[in-house]
Amino acid sequence: MSAGGAGGLGARLRARLFSQRTVVLLPPYIWLLLFFLAPFVIVLKLSISEAAIAMPPYLPILDWADGLIPDFTGTFYNFSFLFTDDLYVVAYLNSIKIALVSTIACLLIGYPMAYGIAKAPGTWRNALLMLVILPFWTSFLIRVYAWIGILKNNGILNNLLIGLGIIDQPLPMLHNDFSVYVGIVYSYLPFMILPLYANLAKMDESLLEAAADLGAKPWKTFLAVTLPLSVPGIVAGSMLVFIPAVGEFVIPELLGGPDTLMIGRVLWNEFFHNRDWPVASAVAIAMLLFLVVPIVIFQHYQGKTDEAAS
Amino acid sequence: MSDTAEKRPGPHKPSGWAVPGGDPYISIQNVTKRFGEFVAVDNVSLDIYRSELFSLLGASGCGKTTLLRMLAGLEEPTEGRILLDGQDMVGVPPYERPVNMMFQSYALFPHMTVAQNVAFGLKQEGMGKGEVEERVEQMLGLVQLGRFARRKPHQLSGGQRQRVALARALAKRPKLLLLDEPLAALDKKLRESTQFELMNIQEELGVTFIVVTHDQEEAMTLSTRIAVMNEGVIQQLGTPSEVYEYPRTRYVADFIGSVNLFEGTVSGTGAEGMRITAPEAGIDIHVDAGQTDARAGQSVAVAIRPEKIAIAKQDDKPSQGENVIQGIVDEIAYQGSLSIYQVRLADGKLVRVTTPNLTRTAERPIDWEEPVWLSWGRHAGVVLTS
């Protein structure tokens with residue numbers, strides 16, 4: 001009886017291990033393990049190492065000299081260091097401010113665009129979506145570079161405004177926060193539009209008709225039905241803009257001024273100019289912790305909408 | 001189509017819905033709706049009176065839903081006018097019409113509770129908070145959902161959602177309620193009980209109901225009058241019994257209930273009746289006079305309902321002299337309350353006969369492949385010219 005039970009258990013265990021489900025799920029897990037978890041562990045290890053003028057420029061965190069049980073020789077100094085110099089805190093706060101403002105700008109520009117595309121007749125819809133995705137066909141770097149030509153003192157925009165007689169002195173539009181906002185909003189707008197579009201396009205038309213039928217004028221229908229039901233799209237789009245914008249390096253580097261402080265730039269400087277890998281890693285880990293909060297909110301929302309949909 | 005329908009009432013006009021005097025409440029006048037090349041509704045004229053429970057019946061794609069949506073203002077007619085209580089509705093947006101609709105999908109707002117759904121229309125009117133709460137409670141009481149006020153739609157069963165949709169549509173006390181396939185998503189048992197609930201609510205509130213359905217049984221049960229639609233045209237308009245007992249076209253006869261159609265030619269007319277030579281039946285079929293103006297020689301069809309045909313065993317030949325044919329039982333379907341026989345005639349035509357199972361076991365049951373007599377009276381056949 002018990003032997004049969006054990007055999008049954010073994011068989012069940014084998015069936016479980018080699019079930020189709022496992023086979024399908026294994027590759028993504030291996031992928032995540034290799035390309036996400038392993039680098040993360042390396043960076044984490046770096047962040048608690050001591051810096052050294054050596055090759056590589058840090059000391060090991062474990063000392064095996066005493067035999068079997070190694071001594072922990074790492075340090076959390078790198079993290080406390082982040083708070084001793086307000087450069088880091090200011091850079092974090094500034095990054096979050098820039099990312100937040102850019103996200104809101106993307107939402108304000110992207111929502112009407114996504115709405116317009118979702119409401120467009122079928123034949124137009126694909127063409128309009130294509131136009132949203134079109135910039136991706138050119139290198140991100142080149143597109144950001146192009147903004148220099150547009151925004152600089154002798155650039156297209158200033159020349160146009162002067163030519164039209166609207167201004168007589170070129171406006172300082174490059175190498176300040178303004179140009180960073182322009183760059184981020186321009187670069188990340190498609191990431192706002194696409195999830196919003198996906199959400200708005202599958203909106204049940206009969207809900208809007210029902211609202212109208214119950215006496216709601218179009219703008220009230222929008223506020224009471226369309227907007228609340230598009231919250232998952234708004235959250236998804238905002239996360240897709242906010243998270244990468246916080247750590248953005250290329251745009252502030254190319255378009256920002258010398259005093260545009262963003263954490264991505266700080267990280268770059270620590271890594272390549274100061275060659276302080278441990279502090280750079282600590283900056284990266286701290287940024288990750290900052291971003292975990294919005295990611296968790298996002299996941300929570302996703303879970304809730306999935307539940308409601310099923 | 002509908003004007004010819006008015007001109008040719010059946011000889012025994014059944015009692016039932018009598019069109020009341022006075023002005024029609026809704027007047028659909030020569031309404032046509034085209035979607036590109038496709039004509040969804042083709043020059044329909046129709047009057048509906050106050051407190052009616054009116055059904056638009058037809059197969060999918062017959063234009064019934066389009067007609068309903070035009071009443072709600074969700075579509076605009078390409079041609080023609082719709083008058084509601086004497087007022088021209090063309091160009092009036094849905095949110096300004098004193099009409100509410102119950103959608104086929106129910107279209108409940110998924111992010112709102114049951115109570116918020118029902119309150120939605122009332123809030124648009126700018127009704128006070130206390131009054132809204134009172135009305136919502138009253139409406140949920142009407143559909144017996146008081147306990148579910150705080151639930152979200154996805155936490156309800158199909159039947160409960162249907163009742164929320166009804167409560168929401170009724171909350172504003174509309175003069176006219178449009179119902180698009182209100183019971184289609186419910187299972188049979190629930191559908192039957194809900195039918196009676198709908199009728200009770202309609203009687204209680206005195207609201208005019210227009211119901212779109214493809215289910216002829218539902219239309220028969222619910223309605224004061226039925227308009228049978230096909231390809232954007234009203235084929236026939238009448239009370240359920242008129243439409244069933246006196247179908248005017250082959251389409252209507254076939255769509256409502258089941259029917260045996262015998263194609264033939266009129267071979268004699270007289271005061272006592274009409275004789276139709278029907279090669280399919282192998283005999284001359286006699287029908288009552290006065291139901292059609294078909295002349296001798298005209299090709300027509302005779303429609304006979306299965307329950308109006310009597311079936312008898314070989315040695316039990318009916319004594320009447322006409323409308324008697326012989327056949328062989330091809331199939332028997334026992335359905336509990338009644339049995340359906342499919343009888344093959346001499347030239348292969350299959351005739352459907354239903355008999356109620358009045359006793360628990362018949363003494364001498366009719367069997368498969370048994371020769372039988374079929375017979376019916378003069379009043380049973382309906383002559384169809386189109």
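Student: How is the packing of two helices described?

Tutor: Two packed helices are described by the angle between their axes together with the distance between those axes. In this predicted model, helix α4 (residues 86-119) of chain A packs against helix α8 (residues 177-201) of chain A at an angle of about 45 degrees, and their axes are 6 Å apart. That angle makes α4(A) oblique to α8(A), and α4(A) passes α8(A) in a right-handed crossing.

Student: Which classes of residue make up the contact of α4(A) with α8(A)?

Tutor: The residues of that contact of α4(A) with α8(A) divide into 24 nonpolar, 3 polar and 2 charged.

Student: At what angle do the axes of helix α6 and helix α7 of chain A cross?

Tutor: The axes of helix α6 (residues 140-151) of chain A and helix α7 (residues 156-163) of chain A cross at roughly 25 degrees and come within 4 Å. Because angles under 35 degrees count as roughly parallel, α6(A) is described as roughly parallel to α7(A). On the α6(A) side the residues are Gly149(A), Ile150(A) and Leu151(A), which meet Ile156(A), Leu157(A) and Asn158(A) in α7(A); by class, this contact has 4 nonpolar, 2 polar and no charged residues.

Student: How is the size of an interface often given?

Tutor: The size is often given as the accessible area lost when the parts come together. Between chain B and chain A the buried area is about 1,800 Å², with carbon and sulfur atoms giving 64% of that area, and the contact takes 22 residues from chain B and 19 residues from chain A. In chain B, the residues that lose the most area to chain A are Tyr95(B), His111(B) and Gln124(B), together 31% of what that side buries.

Student: How much area do domain 1 and domain 2 of chain B bury between them?

Tutor: Chain B is divided into domain 1 (2-98 + 174-254) and domain 2 (258-384), whose C-alpha centres lie 32 Å apart. The two domains of chain B bury about 1,100 Å² between them, 49% of it on carbon and sulfur atoms. In this contact, 11 residues of domain 1 of chain B touch 13 residues of domain 2 of chain B. Tyr244(B), Arg250(B) and Ala253(B) supply 49% of the area that domain 1 of chain B buries against domain 2 of chain B, more than any other three residues.

Conventions: Residues numbered from 1 in each chain as written. Chains lettered and ligands numbered in written order. Predicted model: local features only at pLDDT ≥ 70, side-chain atom pairs only at ≥ 80, totals over all residues. Heavy atoms only, no water. Axes fitted to C-alpha atoms, helices over the stretch in contact; angles between N-to-C directions. Helix = DSSP H or I, 4+ residues; strand = E, 2+ residues; numbered from the N terminus. Parallel < 35°, antiparallel > 145°, perpendicular 65-115°, else oblique. Left-handed = near helix turned anticlockwise from the far one by under 90°. Nonpolar A, V, L, I, M, F, W, Y, C, P; charged D, E, K, R; others polar. Domains from an automatic or database assignment. Contact = heavy atoms within 4.5 Å. Buried area = accessible area lost by both parts, 1.4 Å probe.
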